[in-house]
Amino acid sequence: MDTGSVTDGSSFLSLFAALSYGIASMAMVFINKAIIMQYAHSMTLLTFQQLATALLIHFGRRTGYTKAKGVDIPTAKRLLPVSLFYNANVAFALASLKGVNIPMYIAIKRLTPLAVLIAGFFSGKGKPTTEVTLSVILIAGGVIVAAIGDFSFDLPGYTMALTSVFFQTMYLVLVEKSGAEEGLSSIEIMFYNSFLSLPFLLFLIIATGEFPSSLALLLAKSNSFLFLFILVLSLVMGIALNYTMFLCTIVNSALTTTIVGVLKGVGSTTLGFVLLGGVQVHGLNVTGLVINTAGGVWYSYAKYQQRRIKTVKVMSDLESSHRK
């Protein structure tokens, strides 16, 4: 067996998964902004996305286009915490936006890599390398520096945003654990997440009062081709985003997924400056973004080298065992 080809294949899959998630996540930011400008019922949109995901995978399985297995009750019970943490993350994130401005919200959410690193250490994954630890600290430091000029204290909003970080951390760690221990593919985890999310989301849109006004607004706008196009595009990209996120988490790690999210945030912010204009750039913001990006590049290189060395070592051990 060619050790080099196996190493290259593993590295390519890791890179492809990370890039796919980054591109899908960045595109989703602008698509969501476009649809929210016309349809502000965000929880109803999330419900539509999860429903579309579940139906697409179900029909794909029935027609033979996907190899995803049907619903298994024991597996569903084990994955229920994944779905609950996912929806709790979304719910607290949306609620925090009522009292926290967008730059500060993004800054708080970008602290997720540090939380994932700490959670991984206490869950038995072991101590990360010095380079990985320092790069994540550098990312967090850059976020803080970039956000200093945007701080406006709102205790309920900050509390909900930090709670969202906690739920997102637990969610990503559980996704990584589920993919490794359950032997589930990214499509199967995505199906279970969508299927199990629906009852919780239906309860939320009723409890928050979005329904039935959200349905009435949808019917009123159904004669607009542009609105329908953006709505369908948001549903499709929602599926693509969930798939690439699960794929990146399983192929790489929960920490890698959060780092890609951090770099995506930097790219989205920069692109937003170029496309939208009218945004004042402060020295602290630029300095923080530079520090943040440098930490992300450092982390990516450290993880690539770590994975490459590990793969080469495993293949060398296998070849040695075959010679005996």
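The questions and answers below move from the whole chain to single residues.

Mentor: Residues are numbered from 1 along each chain as its sequence is written, and side-chain values use heavy atoms, with hydrogens and water left out. This is a predicted model, in which local features need pLDDT of at least 70 and side-chain atom pairs count only at pLDDT 80 or more, while totals for chains, interfaces and linings use all residues.

Trainee: What average pLDDT does the chain have?

Mentor: The pLDDT is the predictor's confidence in each residue, from 0 to 100. In this chain 76% of the residues score at least 70. The chain average is a pLDDT of 76.

Trainee: Which element has the lowest mean pLDDT?

Mentor: Where pLDDT is low, the predicted coordinates should not be read in detail. Among the elements of the chain, H9 has the highest mean, 88. The lowest mean, 65, belongs to helix H11 (residues 254–276).

Trainee: How many helices and strands does the chain have?

Mentor: Helices (H or I, at least four residues) and strands (E, at least two) are DSSP runs, numbered from the N terminus. Read along the sequence, the pattern is α-α-α-α-α-α-α-α-α-α-α-α. The counts are twelve helices and zero strands.

Trainee: Among contacts between residues at least 6 apart in sequence, what percentage join residues at least 24 apart?

Mentor: A contact means heavy atoms within 4.5 Å. For the chain, the share joining residues at least 24 apart is 87%.

Trainee: Which residues touch the most other members of the largest nonpolar core?

Mentor: A nonpolar core is a set of buried Ala, Val, Leu, Ile, Met, Phe, Trp, Tyr and Cys residues joined through side-chain atoms within 4.5 Å. The largest one holds 41 residues. Those touching the most other members are Tyr 21, Met 43, Leu 46, Leu 79, Tyr 171 and Phe 246.

Trainee: Which elements give two or more residues to this core?

Mentor: The contributors include helix H2 (42–63) and helix H8 (186–207). The others are helix H1 (3–36), helix H3 (73–96), helix H7 (155–181) and helix H10 (225–251).

Trainee: Is Leu 201 buried or exposed?

Mentor: Buried means under 20% relative accessible area, exposed over 50%, and partly exposed in between (1.4 Å probe, protein chains only). Because its relative accessibility is 0%, Leu 201 counts as buried.

Trainee: Which residues does Gln 49 touch, not counting residues up to four places away in sequence?

Mentor: Gln 49 is found in helix H2. Its relative accessibility is 11%, so Gln 49 counts as buried. The residues touched are Met 28, Asn 32, Ser 234, Leu 235 and Gly 238.

Trainee: How many Å separate Leu 51 and Leu 198, C-alpha to C-alpha?

Mentor: Leu 51 is also in helix H2, but is partly exposed, with a relative accessible area of 35%. Leu 51 and Leu 198 are 147 residues apart in sequence. In space, their C-alpha separation is 7.0 Å.

Trainee: Where is Pro 212 found?

Mentor: Most peptide bonds are trans. The bond from Phe 211 to Pro 212, however, is cis, with omega near 15°. Pro 212 itself is found in the loop between H8 and H9.

Trainee: How many Å separate Thr 293 and Leu 263, C-alpha to C-alpha?

Mentor: Thr 293 is found in helix H12 (residues 283–323) and is partly exposed, with a relative accessible area of 29%. Thr 293 and Leu 263 are 30 residues apart in sequence. Their C-alpha separation in space is 6.6 Å.
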